[in-house]
Amino acid sequence: MVNSPFQQVTIGLVNPKTPVNVGGIMRAAGCYNVDNVCYTGKRYELAAKSGDAQYDVDTKDAAKRIPLVGVESLLDSVPDGATIVCVDLVVGATPLPLFIHPDNAFYIFGPEDGTIPQQLIDAADDVVYVPTVGCMNLAASVNVLLYDRLAKTTQIKADDELIKQSRDNNNRTKVKHWLK
């Protein structure tokens, strides 16, 4: 799936806490063609000062290709023409399986240990949640949302060449069809 100017995806994170989650989000951003990731708060920056540990889960080095930018305000960082979609366990939200993704989306996720502030929920065009029993990890939530977006698109290249490009170097496995 390749994003055009009319299909842009930005992830906004409200004061993320752990470098591992941000690294997982950057890996997901690379897998699902996210254009930008921005975050508020200082917790991530403080935790990330311990070195490059935040990218241990980003084995495809997406963070080297996709901007990860600290911002003062997510609302001031909404790309032109983007639809704001908050993703959180919020009463009245739309279940993700029923949600139709906008072409130009700015997805906002809350922190690992909190929720999206009411001000952002009120500014959102849509609020969705992933129907689970309990809450998911932040990076897992981003992955599920981005996969749902991909699964609902008709503009995906889905063939063996995509598999060959996407898999790790140590994976050369093929499906063997047995004849009867």
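The structure is a predicted model, in which local features need pLDDT of at least 70 and side-chain atom pairs count only at pLDDT 80 or more, while totals for chains, interfaces and linings use all residues. Residues are numbered from 1 along each chain as its sequence is written, and side-chain values use heavy atoms, with hydrogens and water left out.

The protein contains five helices and seven strands; these are DSSP runs, numbered from the N terminus, with helices (H or I) of at least four residues and strands (E) of at least two. Along the sequence, the elements follow the pattern β-α-β-α-β-β-β-β-α-β-α-α. Of the 180 residues, 39% are buried, where buried means under 20% relative accessible area, exposed means over 50%, and partly exposed lies in between (1.4 Å probe, protein chains only). Among contacts between residues at least 6 apart in sequence, 82% join residues at least 24 apart, a contact being defined by heavy atoms within 4.5 Å.

The seven strands form an open sheet in the order β3-β2-β1-β6-β4-β7-β5, with parallel pairing. Two strands are taken to pair if DSSP finds at least two bridges between them. In general, strands of a sheet pair through backbone hydrogen bonds, either parallel or antiparallel. The edges are formed by β3 (68–70) and β5 (94–95), each of which pairs on one side only. Strand β5 runs parallel to β7 (residues 126–129) and is joined to it by two bridges; T94 has V128 of β7 as its bridge partner.

Strand β1 (9–13) has a parallel partner in β6 (residues 105–109), with five bridges between the two, and L13 is bridged to F109 of β6. Strand β1 also pairs in the parallel sense with β2, over four bridges, and here the partner of G12 is C38. Five of the five residues of β1 are buried, so this strand is largely enclosed by the rest of the structure. In a regular strand the side chains alternate between the two faces of the sheet.

Helix α4 lies across β1, β4 (83–87), β6 and β7, and runs at about 155° to β6. Helices α1 (residues 19–31) and α4 (residues 138–151) pack at an angle of about 15°, their axes being 8 Å apart. Helix α1 is therefore roughly parallel to α4. Axes are lines fitted to C-alpha atoms, for helices over the stretch in contact, and angles run from 0 to 180 degrees between N-to-C directions; angles under 35 degrees count as roughly parallel, over 145 as roughly antiparallel, 65 to 115 as roughly perpendicular and the rest as oblique. The contact involves N21, G24, I25, A28 and A29 of α1, together with L138, A139, V142, N143 and L146 of α4.

Two loop residues other than glycine have positive phi values. N15, with phi near 40°, is located in the loop between β1 and α1 and is partly exposed, at a relative accessible area of 23%. N33 has a phi of about 60° and is found in the loop between α1 and β2 (36–39). This residue, N33, is likewise partly exposed, with a relative accessible area of 29%.
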